[in-house]
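Please look over the model shown below before reading on. The paragraphs after it go from strand pairing to a helix and then to the chain as a whole.

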Amino acid sequence: MKTANMKTVNLDQLNLDCANLGNANLDQTNLNNINLNNVNLDNVNNNSIDSSNINSSINNSNNTIDFNNGTPVTLEEVLQAKEQRVIRQQMTISRYNSPIISLTLVTPGAVKRSPITDYLFRQSILEIKNALAIRQIPILSQQYIYLVTGQEAIMAINHPALQLKQLCMQLEVDHPLGRLWDIDVIDPLTHSAISRSQFVAPPRGCLVCGDNAKVCGRERRHTIDELFAAMTKIIEHYHATLN
Ligand SMILES: [Zn+2]
């Protein structure tokens, strides 16, 4: 199985080869040479992460949800990654002239990539693609990028930007794991992310206390352990509903 059928994506097909993606396409000194096609799901091997293992280990033991199981990164690295992400977003908009979904995960703490965030990333992609497929919304391109600073997906979508943003906000609210996803929609007209404030929607709630997440984050109201505990609870709750 070398290619993924976009319409019938399952977990196995989303087992991306992270190492290859990183090395081949994310040389930061050479961004102009990124070939968007090379980061498409179609061209990715299926041999790196076994999601069934992650699923069973999550089901078997609470201890396996470890948000520290990875390489810590610095704030500077996170900011650099953000800069590079913006460049990729703009390249994708220029190429497809359509709204794009830019997905990252909610990852407090210094470790941004771990087996559990790989799992969360896969689940978010699955749900986004499902939501698009059932509405027959075409995906024009998809890039999945695995960095030590966190996983990223950029998808060009043939659909009005505001409607797309609404759909993504709905996913974030409705799906049990949605609070751990950060799904931006970039408008090709303004080249910037559509703000939640354009909709009648409350700001995102804090993982721990439910207040405005931005305020809690800015004021550092909660410890990292409190945040991890809240995230663990969300994931365990989701798995309980699956069983
Ligand atoms: Zn809070």
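Two strands are said to pair if DSSP finds at least two bridges between them, and the strands themselves (E, at least two residues), like the helices (H or I, at least four residues), are DSSP runs numbered from the N terminus. With that in hand, Ser141 stands opposite Ala156 in β3. The model is a predicted one, in which local features need pLDDT of at least 70 and side-chain atom pairs count only at pLDDT 80 or more, whereas totals for chains, interfaces and linings use all residues. Residues are numbered from 1 along each chain as its sequence is written.

The strand β3 has partners in both β1 and β2. Eight bridges join β2 to β3, and the two run antiparallel, forming a hairpin with two residues between them. β1 also runs antiparallel to β3, to which four bridges join it, and here Ile100 stands opposite Ala156 in β3.

How many of the eight residues of β3 are buried? A residue counts as buried if 20 or more other C-beta atoms, placed from the backbone, lie within 10 Å of its own, as exposed if 12 or fewer do, and as partly exposed in between; by this criterion eight of the eight residues of β3 are buried. In a regular strand the side chains alternate between the two faces of the sheet. In β3, Gly150, Glu152, Ile154 and Ala156 point one way, while Gln151, Ala153, Met155 and Ile157 point the other way, and all are buried.

Helix α3, residues 75–96, has 22 residues and reaches 31 Å from its first C-alpha to its last, close to the 32 Å expected at 1.5 Å a residue, where the expected span is 1.5 Å times one less than the number of residues. Within α3, Ala81, Arg88, Gln89 and Thr92 are buried. These four cover an arc of only 105° around the axis, which puts them on the same side of α3, the arc being that of the directions from the helix axis to the C-beta atoms. On the other side of α3, Leu75, Glu76, Leu79, Glu83 and Ser94 are exposed. What covers the buried residues of α3 includes β1 (100–105), β2 (139–147), β3 (150–157) and β4 (181–187). Asn97, which follows α3, has a positive phi, near 50°.

Taken as a whole, the protein chain comes to seven helices and five strands, in the sequence pattern α-α-α-β-α-β-β-α-β-β-α-α. Buried residues make up 30% of its 243 residues.

Methods: Two residues are in contact if their C-beta atoms, placed from the backbone, lie within 7 Å.
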